[in-house]
Amino acid sequence: MAEWLMSMKSKALVQRNVKLSDCVVNLREYRFDSETEIYAIRAYKLRDANIPSKLKEGEDATPIPLDPDEYIGEDINFLYDRKRSICMLQQNRMSIGVSRLAEWINQICPMENYKVAFIPISDKFDANRIGNRLVRTFEVSFANFEPDNKKGSLAEMIKSVNKFKGTTAKITISVGCEKTAELDKVSIADLINDVQDNPGMINSAKIKLKSDTSYSDDDKSRVEIVDLLENAIHDYIAFDIEKKKPLEFTYAKSRMLEKYNERLEKLDHLCVW
């Protein structure tokens with residue numbers, strides 16, 4: 001990564017468009033902290049199709065005008081910790097993804113016989129991590145799943161669907177509106193294990209956890225939705241963005257660094273060097 005960034009600069013490819021297999025990208029800016037050896041980068045996926053429109057009340061919508069060499073830019077921000085070879089990505093819905101980022105780097109990589117690959121840092125959810133939080137909801141969906149002679153709660157659910165000759169189902173178990181109620185933790189732990197033992201057969205599986213005993217359904221910060229099939233370590237950052245302005249790079253970088261440093265001890269524990 002570091003070699004690539006230096007190569008981008010030496011070849012004057014910063015703020016230049018680079019064509020990939022199905023999109024155009026542009027590394028707009030990057031910063032490097034020599035003390036921490038952390039890079040902060042912002043890149044854009046460029047598009048000139050499906051252009052958004054400007055609207056005023058009482059007037060017709062008008063597409064945002066673009067010159068022939070102008071594009072709509074969808075940004076991705078990422079940190080790269082050179083000491084640990086860890087990359088932290090903040091993706092937007094229409095920005096480039098991890099595979100395109102790797103393609104971009106490898107297309108210009110100055111190191112012969114080397115390829116950059118991004119490997120998720122595994123953070124498989126263990127039922128023991130529920131702790132004293134309330135399990136409010138369990139949700140699972142599957143298709144064409146044959147439980148055969150398997151035992152367990154999940155197999156029983158699927159057998160009940162098969163009994164009706166159904167092949168696809170989405171099952172939600174919830175405590176409803178009762179604020180102090182929770183699902184049985186032992187049974188949920190068994191379901192979590194069943195799901196993780198059969199990841200290829202499950203479309204999605206999530207649980208909703210409620211922190212402490214405030215029981216306030218309006219307090220979103222105390223509710224966590226855990227994707228049981230998402231093993232890559234991830235987090236959430238709430239950005240304050242001014243109206244009619246984009247997410248500012250320096251602000252995004254500082255918030256990402258805060259979260260990264262909070263997670264550093266856990267990251268070091270999860271990574272095997």
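Modeller: Before we look at this structure, take one term: a nonpolar core is a set of buried Ala, Val, Leu, Ile, Met, Phe, Trp, Tyr and Cys residues joined through side-chain atoms within 4.5 Å, where buried means under 20% relative accessible area, exposed over 50%, and partly exposed in between, with a 1.4 Å probe and protein chains only. This is a predicted model, in which local features need pLDDT of at least 70 and side-chain atom pairs count only at pLDDT 80 or more, while totals for chains, interfaces and linings use all residues. Residues are numbered from 1 along each chain as its sequence is written, and side-chain values use heavy atoms, with hydrogens and water left out.

Biologist: How many residues does the largest nonpolar core have, and which have the most contacts inside it?

Modeller: The largest nonpolar core has 26 residues, and those with the most contacts inside it are Phe138, Val140 and Leu228. Helices (H or I, at least four residues) and strands (E, at least two) are DSSP runs numbered from the N terminus, and the elements giving two or more residues to this core are strand 8 (134-143), helix 3 (153-163), strand 9 (168-174), helix 4 (185-197) and strand 10 (202-210). Helix 4 gives the most, with five residues.

Biologist: Which residues does Leu228 touch?

Modeller: Contact means heavy atoms within 4.5 Å. Leaving out residues up to four places away in sequence, Leu228 touches Phe125, Phe138, Ile192, Val195, Gln196, Ala205 and Ile207. There is also a second, separate core of 23 residues, which includes Met8, Leu27, Leu101 and Ile108.

Biologist: Is Ser7 buried or exposed?

Modeller: Ser7, found in helix 1 (residues 2-10), is buried because its relative accessible area is 5%.

Biologist: How many disulfides does a search of the whole structure find?

Modeller: A disulfide is a pair of cysteine sulfur atoms within 2.5 Å, and the search finds zero. Cys271 is in no disulfide, and the nearest cysteine sulfur, that of Cys87, is 12 Å away. Cys271 counts as buried because its relative accessibility is 13%, whereas Cys177, at 73%, counts as exposed.
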